Each structure stands twice: as C-alpha cells, then as structure tokens.
Amino acid sequence: VRLPQPIRVERGWGVLGNVSSPPADAAVVRRGPLLFSLRPAEQRRVVRDYRRLLPYRPLAVDYEISTREAWSFALDLSDLGALRFEPLASPGWAESLPFSTSEYPFSVRVPARLLSNATWGYWRGTNITAQPPASPIDCDALPSGACGPLEQIRLVPFGSTNLRIAVFPWSH
C-alpha cells in the first residue's frame, strides 16, 4: 500500500506576541503525521556519570549536547513547490533500528536563508535558542549580512534527532 503524503507548511507557531513584541508566526514542515527538523551535527560532552553510585550503571551519563554548525535559518516560502521530499535514507539507516537518532529514513529539502546571530541567536547569553523572530522576515529591509544567500537545507523526521530546530521564521 502506498499512501503518498504532500509536504505541508504550517504557520502560526511560536510566541503569540504582546505589547512589546509581535507574534512570531513561525513555520513548521510536515509530511503526513511527521514533523521535520534541522539536524545539526552534535558535539557531546559528558557532564556527569553515575559509575560510583549503586546500582552500578556504567552507561548512565548526563550529556551536554551542542553544535558548531549553522542552525538559524529562515525558510524561504516564496515557492512552496520548491520543497522536495527525498525518499533516500542516510547511508547507515536500517529497518532494524528505524528510530535511530544518528540516521534517518528520508528527508525534505527546503530553500532557506541563514540569519545572522543579531537576527536570531541565543537567549540571554546562554546556549538556548531564542524565540524565532517575527515572520515574514524581509531580508531587503535588514542590514547587510543579516540574511545569507538562498540555499537548500535538509530536514529529517523529528524523531531522528537529539539536537533539532523544527520551528522556523520564514521569508518570501
């Protein structure tokens, strides 16, 4: 049985806004019931292990997971036909472990622009992402360098990630 599903973009995600800030109106990408997300390469650091506690648990550790890859993209929604489903799995994906967080069974390619850290960065000096900026993003109205050139990014099923961005600002 084949049940082809169209790629959908849902807008209206993020903070609702208040007197001091506009609503985010951020976007997510879905195909059928699946939510797709950007999956930047992970940097893992063990911040605590439990080897000295009973019961002995050598594999029980707390990680700090971060990335050095770009993640602050605004989806370009000027042509929704440009979103492409790619049915090819990553090289290490296997049916025996379908919900791997290091591999994925398929992906969606989406046009996007990298935003500068001044446009969308981290929350109050932490490593936590800030709320997405209000959409639509008008790259022509922002200072030079605030929006990068148009490029294709790969989004994978949300469950195929540990570190993920699934709610994006958008431009057109």
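**Salt bridges and a buried serine**

Asp 25 is partly exposed, its relative accessible area being 22% (buried means under 20% relative accessible area, exposed over 50%, and partly exposed in between, with a 1.4 Å probe and protein chains only). The model is a predicted one, in which local features need pLDDT of at least 70 and side-chain atom pairs count only at pLDDT 80 or more, while totals for chains, interfaces and linings use all residues. Residues are numbered from 1 along each chain as its sequence is written, and side-chain values use heavy atoms, with hydrogens and water left out.

Side chains of opposite charge can pair when their charged atoms come close. A search of the whole structure returned nine salt bridges (a side-chain nitrogen of Lys or Arg within 4 Å of a carboxyl oxygen of Asp or Glu). In one of them, Asp 25 pairs with Arg 11, and the closest N and O atoms are 3.7 Å apart. This pair links distant parts of the chain: Arg 11 lies in strand S1 (residues 7-13), and Asp 25 sits 14 residues away in the loop between S1 and strand S2 (26-31). Strands here are DSSP runs (E, at least two residues), as helices are (H or I, at least four), and they are numbered from the N terminus.

Arg 154 forms a salt bridge with Glu 86, with 2.8 Å between the closest N and O atoms. Here strand S9 (residues 147-157), which holds Arg 154, is linked to strand S7, which holds Glu 86, and the two residues are 68 residues apart. Arg 154 counts as partly exposed at 29% relative accessibility. Arg 109 also forms a salt bridge with Glu 86, where the closest N and O atoms are 3.9 Å apart. In this case the partners are 23 residues apart, Arg 109 being in strand S8 and Glu 86 in strand S7. Arg 109 is partly exposed as well, at a relative accessible area of 22%. Elsewhere, a network of salt bridges links Arg 8, Glu 10 and Arg 30.

Turning to Ser 100, this residue is found in the loop between strand S7 (84-86) and strand S8 (107-115). With a relative accessibility of 9%, Ser 100 counts as buried. Its side chain reaches the backbone nitrogen of Glu 103 at 3.2 Å. Leaving aside residues up to four places away in sequence, Ser 100 touches Gly 159 and Ser 160 (contact means heavy atoms within 4.5 Å).

Notes. A polar contact is a pair of N or O atoms within 3.5 Å; within protein, one must be able to donate a hydrogen and the other to accept it, and residues adjacent in sequence count only if both atoms are side-chain atoms.
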